[in-house]
Amino acid sequence: MSITRRSARRSVRILGVASASAAVVLGLSSSAFACNIRDFKAEAKCDGEKGVIVVTDTDASRTSATITVFSNEGGVETQVGKQEVKGSAEGTPVSFPEDWKPNATYRVHVKAANIVDEDIKPDLVTPSTACKTDTPTPTPPASSTPKPSPSKSAPAESATPTPSDSASSSAPASAAPSNAPSPAAGDSNLAETGANSNTGLIAGIAGALVVVGGGAVYFGMRRRGARGNG
């Protein structure tokens, strides 16, 4: 069976259309898998009480890229860190330790060969709450506050005399008997040292007896003298 020119031309056209379609498909596929700035995402996170900035590369072409993070505080830009990363369809994260402050701004730059050389837009703004918060120390209730212990001081000397001091102070200074009359203790008839309340009466009676006796002697001697003279 011979092939006519018309059939040959038709076949060539069909092959040309197929080749063009394949080229378009391959071009679109290669563009879809090429590294792109949209493959990168930056986040401010917490690792316990420490802050970190995590950049995730979802570039399926696994093109090597350099990530550089800059902080911007008061209009002064400072480099936080720089790391290499190769992306994956699942996403490959890289972490930059950074004790970030709330509502701070960071610029993240991506450089991947001659394909990407730009910042992730918009700039990264950290959350309004820091990773580490200062927890105030709870104040114990007033009832549980320990009371200060009283200081131990030496006891003051007691002004009250001891029994021995009282006895010694109340004892007479001298053991010698006193001639002063002692007060009568109630109606007791016990003998007391020295004169009592009847001493004056007895002395008066004795004096009277002495006078009477003296008078009797005087008169007796006088009568004897009279008899002798007679």
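C46 is partly exposed, with 42% relative accessible area. The model is predicted.

User: Why is C46 called partly exposed?

Analyst: Its relative accessible area is 42%. Buried needs under 20%, and exposed needs over 50%. The value for C46 falls in between, so partly exposed is the term.

User: What makes C131 count as buried?

Analyst: C131 has 18% relative accessibility. The cut-off is under 20%, so C131 counts as buried.

User: And why does C35 count as buried?

Analyst: C35 comes in at 5% relative accessibility. That is under 20%, so C35 is buried too.

User: How do you know that C46 and C131 form a disulfide?

Analyst: Their sulfur atoms are 2.0 Å apart. The criterion is within 2.5 Å, so the pair qualifies. A search of the whole structure finds one disulfide.

User: Which parts does the C46 and C131 pair tie together?

Analyst: C46 sits in strand 1 (residues 40-47). C131 sits in the loop between strand 8 (124-125) and helix 2 (163-170). The pair therefore links parts 85 residues apart in sequence.

User: Why is this disulfide called left-handed?

Analyst: The torsion about the S-S bond is about -90 degrees, so the disulfide is left-handed.

User: What makes strand 3 and strand 4 a pair?

Analyst: Pairing takes at least two bridges. Strand 3 (residues 64-73) and strand 4 (residues 76-86) have 10, in the antiparallel sense, so they pair.

Terms used
Residues are numbered from 1 along each chain as its sequence is written. This is a predicted model: local features need pLDDT of at least 70, side-chain atom pairs count only at pLDDT 80 or more; totals for chains, interfaces and linings use all residues. Side-chain values use heavy atoms; hydrogens and water are left out. Helices (H or I, at least four residues) and strands (E, at least two) are DSSP runs, numbered from the N terminus. Buried means under 20% relative accessible area, exposed over 50%, partly exposed in between (1.4 Å probe, protein chains only).
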